[in-house]
Amino acid sequence: MVAYKPQYYPGNSKIAKNRKKYLDPSYKLKKLRTISDDDLVKLMGHRVPGEAYKSVHPPLEEMGEPACPIRELVEPTPGAKAGDRIRYIQFTDSVYFTPLTPYMRAWMGHTRYRGVDIGVLSGRVPLEARERDLEKVAKELVETEIFDPARCGIRGATVHGHSLRLDENGMMFDALRRFVFDKKTGEVVYVKDQIGVPLDKPISVGKPIKEEELREMTSEYRVDGVPFREDKEMVEFVQRLHMLRTEAGFDPNKVKGI
Amino acid sequence: MATEKKMFLEALRKKFKESPEEKYTKFYIYEGWKQSKRKKEFVEWGTKLAKERGIPFYNPEMHLGGIPLGQRVLMPYRLSQTDIYCEGDDLHFINNAAMQQMWHDIRRTVIVGLDAAHMVLQKRLGKEVTPETVNHYLEVLNHALPGAAVIQEHMVETHPGLVSDSYVKVFTGDDELADEIDKRFLIDINKEFPADQAAQLKAAVGKRIYQVLRMPTIVAMTCDGGTMSRWSAMQISMSMVNAYKLMAGEAAIGEFAFAAKHAEVIEMGTLMPWRRARGPNEPGGVPLGYLVDICQASRVKPEDPTWVALEAISMGAVLYDQFWFGSYMSGGVGFTQYATCTYTDNVLDDFCYYGADYVKKKYGGFGKAKPSWDLIKDIATEVTLYGLEQYERFPALMETHFGGSQRAAVVAAGAGVAVSLATGNSTAGINGWYLSQLLHKEEMGRLGFYGYDQQDQCGSANSFSYRSDEGLPFNLRGVNYPNYALNVGHQSAHTGIVQAAHSGRGDAWTTNPLIKIAFADKDLKFDFTHPRLCFGKGALREFMPAGERSLIIPSR
């Protein structure tokens, strides 16, 4: 039997290749910026830097867990071992050539990280995890190529903006104006945390990625970029999926040759 | 479709006062709620009433801890295929008397056959039933139905000024009988429908005769849908006793009551599972096919089946999304913002006419092609990609439908309506909808919200299923169908998918001919022939509803 090699995603366009790349955990995401651990903690707003993690149960090794084959198979994450509470980070990704779309962000989270719970909406993607695990994951989500400071937002609530036009500085709309464009430095600066509480000091998340670079990095099909209809493999893949689901729902015996 | 012919462009230009193709704009400069005439009115009233009642009230500064609504353009909305522009607030059913009346007119209607009662009268009681006795009975019932006494002494009654919208009419498929019914009581099929539709309807009804009863709007406002068949049955039974000189209380009267309450009754909404805690004649029980038949667009403009479907869609949006999901099921006020996408700004109209043109050119017209995989794939894919590309070509359009669920509903509605038009088969249409959802999700990498997407992930599998716990012919589905119980934002379009299949074929009705005829009634307050125009009048505060209480309250 030939060893299974995951393809991660169908399609043969540039967009499909980017999608495959981001979903493939063996691909190392390029680091583009550095955000200090303390600044990241401040941006998320769940605890004060240096404060101990709050816990919701004692460490697992003190709990005397029952015999369970699943527990033996699955190594708990550090946050689970310690009994951390579950907290979140949430992103809004603009429709204008951002590296990740919501489904890509969610699927990527599932292929790359353990112990995360991710939801997908059109305008936001919440990721929840044990707090110390979350901070580790969040670091990669903000520091690497999958985050554009101007067109991706870290937003706990009032996420409105993914489908709106961009402002005169190329920034995604944010009713709370958590982030602003600093014309002097050319960098995007957060002045409020993700839920909208003002920060003591602004936190820079770096310069926006240039549009021409975003167009190369994006996982969004767009008619003014790479049109979906030109990726015939993609279109036919979805049509086949739909046909198989329909026929199986009507009469599973009709489905042949999968 | 060439850019200059896009149906939505005019509305986009008025909404934003910028080129719809411009990708960049300015935010945070609009003075929040002060940019909106309606919000300013709300503030004025809220301030005044807070003083009067001594309890804090409407105050936009409460929004986001002092960041009010209106950091972006608070855009107006155009009622599609009308010249009416209004603010979003004007399309909330609380602020729109026409929307309220649409629902009240549906809820306060029951249809009750007369044949069982006539059989009891003739065979069991030996009474003669003639057109004259029927006319007399109808006159008695038009006195009694709004809430008046007919056989007892010293009764309380309702004030006619409060219940003048309550009446009974009848219809039959028998032209000879219809000729002998007093015209004041008759829904005349020949007069209300085009000849070909009238012939279809009369053949379906045959020689039977049905009453259409409208309970007072004020009853619909203060009681529930289950009240209607009780109210009508009581007044029918009392009127029978009066009109045919019967003994009050003999066993045969129980049969009138049984016929009027159960055996001959058609409610507009079916009973729902007990966990919904609702009676019959509530929005959640109205099947898609019934709502489509309640809509009367098909008899006034049958030559444009796409327009007919779009009119039905607007009723689905208001009834299912705004009333049912947005209020009965969820509470709160947010769903209006979402639901307006299918009947405003000519967006769905553009997508549907694009699909209709595609079908005409490629498949030779409407209802001419058999459903097949090749057809469903072809039409649903083409219309879906066309719709998505419009959002990408026109950033103002993307901003108008700023929620993914709005875009998903509108794009898939275009695809489903087009497949329905081509095949005359609503189940094929809904299958096209589900293909559209899957294509949309992969194209944009996003769709709606969790609850929206879930139902579309499993929709392909249940679209052709007929097993009782997972499938149903599409016309009979609705929010009472298990997988659609929280199908927010879908049902308006689903209404159009049913309508398009039948209007494309030239059918006079889709699911129940009796319901189609019952709403072909000029005396209804809401205009079911032009629902979008009527909603627009409601938004402009030009619609006069029934159920007003000015007679019994202090004057202002």
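Start with helix 17 of chain B, residues 373-393, in this predicted model. The helix has 21 residues, and at 1.5 Å a residue it should span 30 Å. Now colour helix 17 of chain B by accessibility; 18 of its 21 residues are buried, which leaves the helix mostly covered.

Next, select E382(B) together with R229(A). These two residues form a salt bridge, and their closest N and O atoms are 3.1 Å apart. Seven salt bridges are found across the interface of chain A and chain B.

Stay at this interface and show polar contacts. Between chain A and chain B there are 33 residue pairs in polar contact, counting pairs with both residues at pLDDT 80 or more. On chain A, select helix 6 (102-112) and helix 9 (232-250), the elements that give two or more residues to the side touching chain B. Helix 9 of chain A supplies the largest share of that side, 13 residues. Colour the side of chain A that touches chain B by residue class: 27 residues are nonpolar, 13 polar and 16 charged.

Finally, zoom out to the whole interface. Here 56 residues of chain A are in contact with 56 residues of chain B. The two chains bury about 5000 Å² between them, with 58% of this area on carbon and sulfur atoms. Select R165(A), R229(A) and H242(A) to end the tour: they supply 17% of the area that chain A buries against chain B, more than any other three residues.

Terms used. Residues are numbered from 1 along each chain as its sequence is written. Chains are lettered from A and ligands numbered from 1 in the order in which they are written. This is a predicted model: local features need pLDDT of at least 70, side-chain atom pairs count only at pLDDT 80 or more; totals for chains, interfaces and linings use all residues. Side-chain values use heavy atoms; hydrogens and water are left out. Contact means heavy atoms within 4.5 Å. Buried area is the accessible area (1.4 Å probe) that two parts lose on being put together, summed over both. A salt bridge is a side-chain nitrogen of Lys or Arg within 4 Å of a carboxyl oxygen of Asp or Glu. A polar contact is a pair of N or O atoms within 3.5 Å; within protein, one must be able to donate a hydrogen and the other to accept it, and residues adjacent in sequence count only if both atoms are side-chain atoms. Helices (H or I, at least four residues) and strands (E, at least two) are DSSP runs, numbered from the N terminus. Ala, Val, Leu, Ile, Met, Phe, Trp, Tyr, Cys and Pro count as nonpolar, Asp, Glu, Lys and Arg as charged, and the others, Gly among them, as polar. The expected span of a helix is 1.5 Å times one less than its number of residues. Buried means under 20% relative accessible area, exposed over 50%, partly exposed in between (1.4 Å probe, protein chains only).
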